[in-house]
Every structure is written in structure tokens, then in C-alpha cells.
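Subject: Structure handover

Hello,

Here is the structure I said I would pass on. Please open it next to this message and follow along.

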Amino acid sequence: MTDNSATNKAVYWPRVKEILDGVMDRWKQRWGREPYPGIHQYYWETPQQLKESVLSGRPAIQPGVPGRETNLVKSLAVSIGTSGRMPLRGPFLPRAEVEEIIAWIDAGMPEGP
């Protein structure tokens, strides 16, 4: 039996970074400018930077909180606080890529195999 769902295959930091960098690259192409730091910039060089980041005044990832309930995932999938879905005004991540980020957080944010 083959199962290709994101929740059943290992996801590592390079893939998460690729997803987040990709959505920001598409955002820059769509809007023709650089994102404003701290407003809709979703670039992190390391998982530690992401773990320590704050989005709309809330920690992006909180220890012990399931991936689906983190502010990072909420911001990418729906919205957090008074901020809309991110990156601001899109383009937005496809659901499958959000699911990969959830799987990565739930697995303990592994850097690699």
C-alpha cells in the first residue's frame, strides 16, 4: 500500500525552507517589490530562527503545541489576530504544502535525516 500524504512522509528543514522561500519568491513576483520586514516576510535561515520568531505579536511556534495549532500554520492557512492570511494578499501556500509544514512541526522540526 502506498501513501503519499504529507503526514506520513518525513519532512525536514530544507523542504520547509524551500516551501517558505518559494511562497515569498512568488509574492515578490506578484507585487514587484521586497516584503516589509516583520510584516509579511516569511524568510528564515534556520529552524531555530523560525522557532524564535514572532508573527503579529505571537510566537510562530510554541513548544508542545501541535503544528496545526501554531501561529505559523494559522497565519499560512487562515489568519492570526487581526492579520489576514499570509503572506499578505497572497499568493498563498497550497494546502498540501501547509500540511508538510504541520508534519514537520509535529515531528519535532527535524533539520535533516
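Which residues does Glu97 touch, not counting residues up to four places away in sequence? They are Arg15, Ile19 and Arg26. Before going further, note that this is a predicted model. Glu97 is found in helix H4, and Glu97 counts as buried because its relative accessible area is 17%, under the 20% cut-off.

Next, helix H1. Helix H1 covers residues 13-31, which makes 19 residues. From first C-alpha to last it reaches 27 Å, close to the 27 Å expected at 1.5 Å a residue. The buried residues of H1 are Trp13, Val16, Lys17, Ile19, Leu20, Asp21, Gly22, Val23, Met24 and Trp27. What do the buried residues of H1 pack against? They pack against helix H2 (47-52), helix H3 (71-77) and H4. Just after H1 comes Gly32, with a positive phi of about 65°.

Now the aromatic rings. The structure holds 1 aromatic pair. Trp13 and Trp104 form this pair, which is tilted, with 5.5 Å centre to centre and 40° between the planes. Trp13 lies in helix H1 and Trp104 in helix H4, so the pair ties together parts that are 91 residues apart in sequence. Trp13 is buried, at a relative accessible area of 8%, and Trp104 is buried too, at 0%.

Trp104 comes up again in the core. The largest nonpolar core has 26 residues, and those touching the most other members are Leu50, Leu72, Ile101 and Trp104. H1, H3 and H4 are the elements that give two or more residues to this core. H1 gives the most, with 7 residues. As background, nonpolar side chains tend to be buried together in soluble globular proteins.

Last, Ala107. Is Ala107 buried or exposed? Ala107 is exposed, because its relative accessible area is 54%, over the 50% cut-off. Ala107 sits in the segment after helix H4 (95-106). Ala107 and Tyr12 are 95 residues apart in sequence, while their C-alpha atoms are 9.1 Å apart in space.

Regards

Notes: Residues are numbered from 1 along each chain as its sequence is written. This is a predicted model: local features need pLDDT of at least 70, side-chain atom pairs count only at pLDDT 80 or more; totals for chains, interfaces and linings use all residues. Side-chain values use heavy atoms; hydrogens and water are left out. Helices (H or I, at least four residues) and strands (E, at least two) are DSSP runs, numbered from the N terminus. Buried means under 20% relative accessible area, exposed over 50%, partly exposed in between (1.4 Å probe, protein chains only). Contact means heavy atoms within 4.5 Å. The expected span of a helix is 1.5 Å times one less than its number of residues. Rings of Phe, Tyr and Trp (its six-membered ring) pair if their centres lie within 6.5 Å; planes under 30 degrees apart count as stacked, over 60 as edge-to-face and the rest as tilted. A nonpolar core is a set of buried Ala, Val, Leu, Ile, Met, Phe, Trp, Tyr and Cys residues joined through side-chain atoms within 4.5 Å.
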